Amino acid sequence: MESKKILIITYYWPPAGGPGVQRWLKFVKYLPDFGIQPIVYIPENPTYPIIDENLVKEVSDNAIILKHKIFEPYQLASFFSKNKTKKISSGIIPNQKKQSFLDKLFLLIRGNLFIPDARVFWVKPSVRFLEKYIVENNIDTIVTSGPPHSLHLIGLELKQKLSVKWIADFRDPWTTIGYHKSLRLSNYASKKHKFLEHKVLNTADTIIVTSKTTKTEFEAITSRPIAVITNGYDNENVEKQVLDSKFSLAHIGSFLSERNPSILWESLVELLSEIPDFKKHLEIKLIGAVSQEVLEAVAEFGLNPYLNNLGYVSHGEAIAHQKKSQVLLLIEINSKETRSIIPGKLFEYMVSNRPIIAIGPNGSDFAEIITNTNTGVFFDYSEKEKLKKVIGEFYNQYLNGKLQSNGVGLQKYSRKSLTKELVELLNK
């Protein structure tokens with residue numbers, strides 16, 4: 001029997017690195033196991049802030065890849081400041097008090113001229129290209145994945161022109177995402193974002209989100225069916241790792257300005273003064289893009305002697321660090337808007353057998369997952385003494401060679417199990 005064809009419209013795809021690429025790379029890997037032929041539509045000449053060539057090897061041989069040229073303003077903006085453009089496009093926005101004139105100008109242009117985002121110029125040419133392809137290849141189901149949310153506008157126009165089933169997948173929220181307030185939006189731009197969000201949510205046949213809180217937010221906007229399919233972990237081919245000899249606290253992934261956890265730095269400073277040998281063992285490992293504000297805070301707290309800033313590494317190397325670091329740090333911005341964010345790396349953390357220290361806003365969706373799977377301890381930003389106590393307990397377990405995590409109920413978060421949930425939606 002001929003496989004069911006699904007057209008997946010996504011921006012992030014290998015060689016793009018970072019968390020945005022993983023979700024659909026893994027869905028595409030497992031869809032053929034369920035009798036579905038994935039056809040992936042991506043930009044031919046994208047401006048990716050992070051490159052990981054190793055991920056190209058993970059693209060399924062069963063996938064059909066379609067490419068079409070894209071024009072992105074980031075390509076022009078990089079002539080003025082390549083570094084600033086790269087940081088802003090990857091979500092690293094400088095603290096408002098420390099923004100230069102160029103920072104403010106870039107954010108003003110990004111937020112008000114390019115709505116919903118700088119990939120909006122890809123919408124019209126993509127619709128023209130895909131409309132013809134869909135008809136010629138008898139495709140009846142399309143999926144759009146955002147951010148960038150411009151891709152949902154491609155789905156919106158195709159839905160209006162053709163008799164197709166459209167599933168809109170939101171890896172992150174739209175108007176309530178943490179950095180939205182930093183874009184210096186005019187009243188007009190803010191209203192247009194809301195209008196487009198409402199139109200997408202009320203036109204798509206089905207909406208997929210990654211957290212319960214986002215589902216609740218969207219239910220106030222639309223009566224369309226909304227399914228929660230989280231991110232997950234895959235079975236990675238990584239050699240068994242020897243644990244770090246130091247008491248390493250590792251943060252893996254983008255460390256944004258607003259994620260700067262003063263309660264963590266304060267706890268470490270106090271433990272350094274209270275426990276004689278703590279300074280001999282402590283290591284703070286930062287892996288991935290780190291904002292200048294975070295690095296300045298580490299220095300201000302006198303923690304530079306313990307800092308190991310490794311920068312961006314390949315996904316495979318990141319997995320290896322997850323398995324050999326003593327403790328894994330998961331930190332989210334302390335705001336109401338970020339309660340819905342479940343960082344993709346959480347699920348890889350959970351199967352690393354290393355305990356997680358998670359810091360985020362009270363009511364965070366990922367707190368429930370960590371607690372239910374017994375993979376770590378969650379703290380809100382008011383719980384410094386509790387955090388300090390747990391770090392001390394973990395340190396004692398490290399000294400005794402007994403520091404580890406014993407997760408339970410993890411199988412439901414495997415990429416193959418999650419793909420099965422997706423297939424059930426596709427076949428409805």
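I looked up burial first: 56% of the 428 residues in the protein chain are buried (under 20% relative accessible area with a 1.4 Å probe, protein chains only). The model is predicted, with local features needing pLDDT of at least 70 and side-chain atom pairs pLDDT 80 or more, while totals for chains, interfaces and linings use all residues. Residues are numbered from 1 along each chain as its sequence is written, and side-chain values use heavy atoms, without hydrogens and water.

I then took the secondary structure, which comes to 16 helices and 13 strands (DSSP runs numbered from the N terminus: H or I of at least four residues, E of at least two).

Next, the cores. I noted 64 residues in the largest nonpolar core, where Leu-7, Leu-130, Ile-134, Ile-154, Leu-158 and Phe-170 touch the most other members. A nonpolar core here joins buried Ala, Val, Leu, Ile, Met, Phe, Trp, Tyr and Cys residues through side-chain atoms within 4.5 Å. Another core, of 33 residues, lies apart from it and includes Leu-264 and Tyr-398.

I followed Leu-130: beyond its neighbours within four places in sequence, Leu-130 contacts Leu-7, Ile-9, Tyr-41, Leu-66, Ile-154 and Leu-158 (contact: heavy atoms within 4.5 Å).

Last, a helix pair. I found the axes of α6 (residues 150-161) and α7 (residues 187-201) within 10 Å of each other, crossing at roughly 50° (axes are lines fitted to C-alpha atoms over the stretch in contact; angles run from 0 to 180 degrees between N-to-C directions). In α6, His-152, Leu-153, Leu-156 and Gln-160 meet Leu-196, Lys-199 and Val-200 of α7.

Key. Buried means under 20% relative accessible area, exposed over 50%, partly exposed in between (1.4 Å probe, protein chains only).
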